[in-house]
Amino acid sequence: MEKTKFFTTQNLVKIALLSAVATILFQFKIKLPIFPSFLDIDISDVSIIVGMITITPAAGFIIAILKNLLAGIIFGSATGYVGEFANIIISSAYILPLAICLRSRRDLKSICTAVILGIVSMAVTGGFMNYFIMIPLYARVFGMSVADIVGMGTSIYSGITDLFTLIIYSIIPFNIFKGTIIATVSVIFLKSIYPALKMLRPKSIG
C-alpha cells in the first residue's frame, strides 16, 4: 500500500490550524489549590491528539513543538521557557503510545487504550524529568533554591519534605490528573466526530 505523503499542502494547513488552536488553548490555564502554584492545567493536547488521528502520528509531535514556540513568541514566557521545554517533553511522552498505536490500529477502543497508556507514560516521564532536570533548572532560572520550590508543596501537604516527596505526592498525581482530563475531553470529542474522522484520516500512514 502506498504511504501517504506527509508534507502535502493539505497536511501543512491542518498542522498550522491545529497548532494555532493549541496555542490559544494553551493560554487558558487552570490552577488548582491541591497542587503547587507552578503547576497548571490546560487542554491544548486535545488538538495534538486530533492532529495525530486526522493527519499522521508524527503530526502530533510537530504540533506540540509549534504550540510552545508560538506561545513563547506571541505571548512570551513566564517561566524563562523552562515550562515550554517541559511541556514539549511531557506532551511527547503522553502521545507516544498513541503514535505507536495509530501505525497499526485506529479503532476507538485501541485509541482509548493508547491514551490510558499515555497517562502512565506522562506521569513517569514527568516525575523523572522534574526530579533530575526541570525543577533544578526552574530554580536556577528564577534564582531560587530547590528547597523553596519544595516549600510550595509543603504548604499544601506536610508530607512533602524534599524533592523526592514533592515528585511522589505532587508532580506525579498532577500529571495523572491532567492526563485524565485531556484523555476524557479527547475521547468525548473524538467519539462525537468519529464518523467524520473516517473520511478525514489518511488511507495509510507513513
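Entry 1: salt bridges. I counted a salt bridge wherever a side-chain nitrogen of Lys or Arg lies within 4 Å of a carboxyl oxygen of Asp or Glu. The model is predicted, and I took side-chain atom pairs only at pLDDT 80 or more. By this rule I got 4 salt bridges.

I looked at K31 and D40 to begin with. Their side chains meet in a salt bridge, with 3.3 Å from N to O. The cut-offs matter here, because buried means under 20% and exposed means over 50%.

Next I checked K178 and D42. This salt bridge runs 3.6 Å from N to O. K178 is in helix α7 and D42 is in the loop between α1 and α2, so the pair ties together parts that are 136 residues apart in sequence. I noted both K178 and D42 as buried.

I also wrote down D107 and R105, whose side chains form a salt bridge at 3.3 Å, N to O. D107 is partly exposed, at 27% relative accessible area.

Entry 2: aromatic rings. How many aromatic pairs does the structure hold? I found 7. For the pair F35 and F177, the ring centres are 6.2 Å apart and the planes stand at 45°, so I logged the pair as tilted. F35 belongs to the loop between α1 (9-25) and α2, while F177 belongs to helix α7, so this pair ties together parts 142 residues apart in sequence. F35 is buried, with a relative accessible area of 9%, whereas F177 is partly exposed at 34%.

I followed this with Y131 and F132. Their aromatic pair is edge-to-face, at 4.9 Å centre to centre and 75° between the planes. Y131 counts as partly exposed at 31% relative accessibility, and F132 is exposed at 55%.

Entry 3: charges over a ring. I looked at F26 and found K29 over the face of its ring, 4.1 Å from the ring centre. The charged end of K67 also sits over the ring of F26, and I noted 4.7 Å from the centre for K67.

Entry 4: the largest pocket. I put its volume at about 720 Å³. I listed 32 lining residues, and K29, F38, D40, T79 and G83 lie nearest the centre of the pocket. Two of these names were already in my notes: K29 from the ring of F26, and D40 from the salt bridge with K31.

Which helices each supply at least two residues of this lining? I have α3 (57-75), α4 (82-102), α5 (108-141) and α7 (163-200). The largest share comes from α4, with 7 residues. By class I sorted the pocket lining into 16 nonpolar, 9 polar and 7 charged residues.

Entry 5: the cavity. I searched for cavities of 30 Å³ or more and found 1. The largest cavity has a volume of about 30 Å³. I49, Y94, I95, L98, A114 and V115 line this cavity. The elements that give two or more residues to the cavity lining are α4 and α5. Helix α4 supplies the largest share here, 3 residues. What classes do the lining residues fall into? I counted 6 nonpolar, no polar and no charged residues.

Entry 6: helix α2. I49 of the cavity lining sent me to α2, which spans residues 45-54. How many of its residues are buried? I found 10 of 10, and wrote the helix down as mostly covered. The buried residues are D45, V46, S47, I48, I49, V50, G51, M52, I53 and T54.

Definitions and conventions: Residues numbered from 1 in each chain as written. Predicted model: local features only at pLDDT ≥ 70, side-chain atom pairs only at ≥ 80, totals over all residues. Heavy atoms only, no water. Buried < 20%, exposed > 50% of the residue type's maximum accessible area, 1.4 Å probe, protein only. Helix = DSSP H or I, 4+ residues; strand = E, 2+ residues; numbered from the N terminus. 1 Å grid on protein atoms, 1.4 Å probe; cavity = no way out; pocket = protein on both sides within 12 Å on 5 of 7 lines; lining within 4 Å. Points joined across faces, edges and corners; volume = space filled by probe spheres on them. Nonpolar A, V, L, I, M, F, W, Y, C, P; charged D, E, K, R; others polar. Phe/Tyr/Trp six-rings, centres within 6.5 Å; stacked < 30°, edge-to-face > 60°. Lys NZ or Arg CZ within 6 Å of the ring centre and 35° of its normal.
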